[in-house]
Amino acid sequence: MMIRMEYGSIEREIHVEATPELVYEVISTAEHLRQWWPDEAELQPVPGATGVISFGDTSTPSAHVAQITVAEADPPRRFSFRWVYDEGEAATPANSLLVTFELVPSGAGTLLRMTEAGFRAKGWEAAVLEEQYREHVSGWDYFLPRLVEYVARLVSTP
């Protein structure tokens, strides 16, 4: 029996031991993003603002640099951005992936719901779609726990 995956979106929920206000800062500002996700980030958390994030040493060809466009900034509830689109193009639902962070107060902490959508809309051929989806799943499974650890360090620092 063949199992057909849709590769439509990635959804994760994690609990963060910090207020939604602090978690919002950690997911939306460049200086905090650099601590748990990309190696470098240039970004203003304002709808329509464009920036860049990069993974790896940007002086080498193996570095991965991605444009990013803020879609929504509603502190401390919701932050979303589009990425994975071609340089020189404006991000649209047809040519980019949309990452949304929703923050819900939960006890003394925050429930962070992350969704990355738009994989099918990119129009990738099946093999590319499957590879991109898998890479992003493993990426979020690696980076989201780093966010939790980073916030824990922030909160415990007097």
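Axes are lines fitted to C-alpha atoms, for helices over the stretch in contact, and angles run from 0 to 180 degrees between N-to-C directions. Helices (H or I, at least four residues) and strands (E, at least two) are DSSP runs, numbered from the N terminus. The model is predicted: local features need pLDDT of at least 70, side-chain atom pairs count only at pLDDT 80 or more, and totals for chains, interfaces and linings use all residues. Residues are numbered from 1 along each chain as its sequence is written, and side-chain values use heavy atoms, with hydrogens and water left out.

Helix 1 contributes Leu22, Val26 and Ile27 to the packing, and these meet Leu147, Tyr150, Val151, Leu154 and Val155 of helix 3; contact means heavy atoms within 4.5 Å. By class, this contact of helix 1 with helix 3 has 8 nonpolar, no polar and no charged residues. Ala, Val, Leu, Ile, Met, Phe, Trp, Tyr, Cys and Pro count as nonpolar, Asp, Glu, Lys and Arg as charged, and the others, Gly among them, as polar.

The strands form an open sheet of 7 strands in the order 1-7-6-5-4-3-2, with antiparallel pairing. Its edge strands are strand 1 (9-16) and strand 2 (40-42), each of which pairs on one side only. Two strands pair if DSSP finds at least two bridges between them. Neighbouring strands of this sheet are turned by 20 degrees against each other on average, direction ignored. Helix 1 packs on the sheet and touches strand 1, strand 4 (64-74), strand 5, strand 6 and strand 7, its direction making about 160 degrees with that of strand 6. Helix 3 also packs on the sheet, touching strand 1, strand 3 (50-55), strand 5, strand 6 and strand 7; the direction of helix 3 makes about 15 degrees with that of strand 1.

Strand 7 (residues 109-117) pairs with strand 6 in the antiparallel sense over 9 bridges, with Thr110 in strand 7 as the bridge partner of Pro105. The hairpin of these two strands has 2 residues between them, and Gly107 takes a positive phi near 60 degrees there.

Strand 6 (residues 97-106) and strand 5 (residues 78-83) form an antiparallel pair over 6 bridges, in which Phe79 stands opposite Phe101 in strand 6. Strand 6 also holds Thr100. At 9% relative accessibility, Thr100 counts as buried, a term for residues under 20% relative accessible area, with exposed over 50% and partly exposed in between (1.4 Å probe, protein chains only). Leaving aside neighbours within four places in sequence, Thr100 is in contact with Arg78, Phe79, Ser80, Arg113, Met114 and Thr115.

Strand 4 and strand 5 are joined by a hairpin through 3 residues and pair in the antiparallel sense over 6 bridges. Val70 stands opposite Phe81 in strand 5. Strand 3 and strand 4 likewise form an antiparallel pair over 6 bridges, with Thr50 opposite Thr69 in strand 4.
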